[in-house]
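Colleague: Hi! Could you walk me through this one while I have it open on my screen?
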Amino acid sequence: MSTNRQLPTATPNEAVREHFSASGPEEVVKRAQQLVTYSDLPDSVDDEHAAEGPALVHPRVHRVPLRAYLASELTGLSDDQRNTVFEISDRVNQICLEVNIELYEPRKKTGPVHNPDVSDANVFKMDHDRVVMSDVVIHLCHHASAGAGEELGFVYASLVPIINLAPGNQRVSRMITGIPSFKLEIRYEKAEDLNILLAKRLLEIRPYLEERRVLREQHEINIVGERVHDLRLKAGLSRDDLAKRVGLTAESIQHLEENVDATSNPSLTHLRALAAALKTTVADLIVPDLNEYILSQIQSSLYQRVPARFYDSMTQKDRNTLMRRYLYRVLDSLEKGQ
């Protein structure tokens, strides 16, 4: 006859002491670093697979891709000034890569040194579109620059967050520090200081940038452009004709018609000029389904005037007849009011 003997079990404290006493100090430190930082976590891992790993603290997996734009001085720089700007640009690019943000550098696409053959119009269009579609603009405040000033104008019009990088105590134009939108300023003494300072700020504001990106993508539709295109064709106007009436170029009208509103981002002045040229209103250009909205409001008003039991029992033909009579009365009252 055999008897089952119950083995003594160690208390939690004893188990912990036994575990650490079996490893040397260096091994314990190394393992702790792996558990906390999960340094060898693959870039493609997602939350579900990360949760299966042994890490005590899993890094946040960024599912929302972010884009940054580097605004800096490029025209009229001396060799030393250009080398400084390029050195800082390369460092900023490396920092953005480390925090999983794609950086667009105009000097590599439209800059006067490496891309002199790009036309002025294409420089404006390409850099404008990149600015307004960015999640954050990093501005190097090293030298006065008309181009960078123009880019900051795009930034303000599109409500893109700004991070200003300024060396030491160098004075920054009040036209930059006074921009009334989301902006941060980083002062640094040595270029290598940016490795910590810029990376820290980008990580701090990343949740805000991701939320802004998600909300923005929900509204990346072309309302104004399509409406301008339809009204222009209905009026028998070419893009050149409309451009002359508004004071723009045919290329700018094409850009407006073919891009989502977030990219074209016409100003209120442009919208008013377009509305006047197309013999409509600004509301008609920017509000989707404006006609349906107006009819629904009239119908709602009419519904309040007619008892529900009668309105619900009407045929569609009777409803249309009643709607026409109501509209005639509205127009008549408006004419008398004049």
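Modeller: Happy to! Let me begin with a cysteine: Cys141 has a relative accessibility of 7%, so it counts as buried. Keep in mind as we go that this is a predicted model.

Colleague: Thanks. And Cys96, buried or exposed?

Modeller: Cys96 is buried, because its relative accessibility is 0%.

Colleague: How many disulfides does the structure hold?

Modeller: Zero disulfides in this structure.

Colleague: Good to know. Let me zoom out: how many helices and strands are in the chain?

Modeller: The chain has 17 helices and five strands.

Colleague: And what share of the residues is buried?

Modeller: Of the 338 residues in the chain, 36% are buried.

Colleague: Let's talk helix packing. At what angle do α5 and α6 pack?

Modeller: Helix α5, residues 120-132, packs with helix α6, residues 146-158, at about 40 degrees, and their axes are 9 Å apart. That angle is why the two helices, α5 and α6, are oblique to each other.

Colleague: Which hand does the crossing of α5 and α6 have?

Modeller: Right-handed, for α5 passing α6.

Colleague: Which residues meet there?

Modeller: On the α5 side you have Phe124, Asp127, His128, Val131 and Val132, and they meet Glu150, Glu151, Phe154, Val155 and Ser158 of α6. Sorted by class, this contact of α5 with α6 has five nonpolar, three charged and two polar residues.

Colleague: Now the other pair I had in mind, α10 and α11. How do their axes cross?

Modeller: Helix α10 (residues 239-246) and helix α11 (residues 250-258) cross at roughly 105 degrees, and their axes come within 8 Å.

Colleague: Switching to backbone angles, what can you say about phi of Leu159?

Modeller: Phi of Leu159 is near 60 degrees, which is a positive value in a residue other than glycine. Leu159 sits in the loop between α6 and β4, the strand at 162-167.

Colleague: Is that residue, Leu159, buried or exposed?

Modeller: Leu159 is exposed, because its relative accessible area is 59%.

Colleague: Last stop: where is Asp284?

Modeller: Asp284 is in helix α14, residues 282-286. Its relative accessible area is 12%, so Asp284 is buried.

Colleague: How far is Asp284 from Arg227?

Modeller: In sequence they are 57 residues apart, while C-alpha to C-alpha the distance between Asp284 and Arg227 is 8.0 Å.

Colleague: Great, thanks for the tour!

Note on methods: Residues numbered from 1 in each chain as written. Predicted model: local features only at pLDDT ≥ 70, side-chain atom pairs only at ≥ 80, totals over all residues. Heavy atoms only, no water. Disulfide = S-S within 2.5 Å. Buried < 20%, exposed > 50% of the residue type's maximum accessible area, 1.4 Å probe, protein only. Axes fitted to C-alpha atoms, helices over the stretch in contact; angles between N-to-C directions. Helix = DSSP H or I, 4+ residues; strand = E, 2+ residues; numbered from the N terminus. Parallel < 35°, antiparallel > 145°, perpendicular 65-115°, else oblique. Left-handed = near helix turned anticlockwise from the far one by under 90°. Contact = heavy atoms within 4.5 Å. Nonpolar A, V, L, I, M, F, W, Y, C, P; charged D, E, K, R; others polar.
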